[in-house]
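Please keep the sequence and the structure at hand while reading the points below.

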Amino acid sequence: MKRKKRFILLGAMVVSLLAACGEKPEQTQQTQAEEFVDWNWVSEQTEYEGFTKEEIAEKAVSREALFSGYDAALQDTYENFRLPESVTISPTAIYKQVEIVQESGFTENAEEILRMFLGDEMSETLEFSDYSEMREQATLVIDSDEEKVYCAVKDYGFVSVIKPSGYEIGFNGNFEVVDIVHVDRGEPLSQSYALMDGEESIQEAVAYIEEWMNQNWAVWEPDFTYSVKTVMVRRYGDSHIYDIYVEKLLGGIPLDDSFGATGLAVVHGYLEEKYIGSSIFIRMCNRNSIDVFSTGTGILRVQSTEEAEDGWLSLSDCTHMLEQLFSEYAVYEISDIEMQYVLCPDYDSARELESYSASSFPGLRVLAKPVWCFVMDIPEEKLLNEDGSFTAGYQKHYIDVDMRTGEVWLELE
């Protein structure tokens, strides 16, 4: 089987995407991890020794069994996988497939976005510049050195904001990482760090961000709930900043938050990604403050959901299936296991709309499919520059298994 690489660059995701929105050069990340891009569609593995499509279908369980059986799977013995002792999975609903449409005409909300982050008084003194003629879609930008404000809004729902309190820092990623807290894994949150205006615990920061997102950002994407996934603590001078990664959840199951090359092709002169991610990046420089913000991608709206009571692949069966695929490899240490939805763009919808620029255009139809996601953390020492700083932020490796078909895609290099 040919390997497909899913490159996860959470710390740099916003920077790379801002390149299309006229950001200040000095605020971009200067070093990037090397990545090989395969310009052909990758055929995922769908049959294994002892696990044909028919046999996979025979192993399928009910939705009730799917929800109740994964704890027992962690205690099972596997030849080349070491699973975590426990996982945090709390779904309230799961769908066979979800049809999602990317937002259209979102630049109409640019002034309201600005007021949401800066308040009425400062917003009244600022004026957007129209970059629409330079782009394939409507794009409004404010970049004021005088007021120390940056804001970009695109028609498909991309939003990026830098407030005066975060203007000098921006999206720079070359600050030393002193702690990484996996909030979604139930790690302790009581530790405190000195931010620019005083001490704040991780717990306080997480509580503030989750409340703000579910009360304020939910106005724009009401189909989802929002939860902090990871907090990265970076040193900044004599203080610290919190880089906070927020995931979107549908029925308690997160959307895939990966960014980067996930199977690429050039079709009719345009770059197409086979899978896309969706999450929110927030940088907190001061206590209970959102100083830097970006959606990273567009705003999503759920159009329809398709339910199924039966036909689900259990965690135990999927892990044993993977043993067939990885029998020639070493033992893999799995840091975490998640249920999540991978997001598959439908480029036929792009061609029908005749508005077409990779996955970043208004009205794109996206199909969300449920997978078992096996997460492997990359040792921190492999991410360091010579000076000890993190250039790429926080990376992970993933193995995803479709919970309906057994289809596998992965990144292990």
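How many salt bridges does the structure hold? The model is a predicted one, and it holds 18 salt bridges. Side chains of opposite charge can pair when their charged atoms come close, and the pairs described here are grouped by the residues that take part.

**E309 and R63**

- The side chains of E309 and R63 form a salt bridge with an N to O distance of 2.6 Å.
- Because E309 sits in the loop between β17 (300–306) and α7 (315–325) while R63 belongs to helix α3 (residues 63–68), this pair ties together parts that are 246 residues apart in sequence.
- R63 is buried, at a relative accessible area of 17%, whereas E309 is partly exposed, at 48%.
- Salt bridges with shared partners join R63 and E309, together with E307, into one network.

**R185 and D377**

- A salt bridge also connects R185 with D377, whose closest N and O atoms are 2.8 Å apart.
- This pair links distant parts of the chain, 192 residues apart, with R185 in the loop between β7 (177–182) and β8 (192–195) and D377 in strand β20 (residues 365–377).
- D377 is partly exposed, with a relative accessible area of 28%.

**R365 and D346**

- R365 and D346 form a salt bridge in which the closest N and O atoms lie 2.7 Å apart.
- R365 lies in strand β20 and D346 in strand β19 (residues 336–346), so the bridge ties together parts that are 19 residues apart in sequence.
- D346 is buried, with a relative accessible area of 17%, while R365 is partly exposed, with 25%.

How values were computed: Residues are numbered from 1 along each chain as its sequence is written. This is a predicted model: local features need pLDDT of at least 70, side-chain atom pairs count only at pLDDT 80 or more; totals for chains, interfaces and linings use all residues. Side-chain values use heavy atoms; hydrogens and water are left out. A salt bridge is a side-chain nitrogen of Lys or Arg within 4 Å of a carboxyl oxygen of Asp or Glu. Helices (H or I, at least four residues) and strands (E, at least two) are DSSP runs, numbered from the N terminus. Buried means under 20% relative accessible area, exposed over 50%, partly exposed in between (1.4 Å probe, protein chains only).
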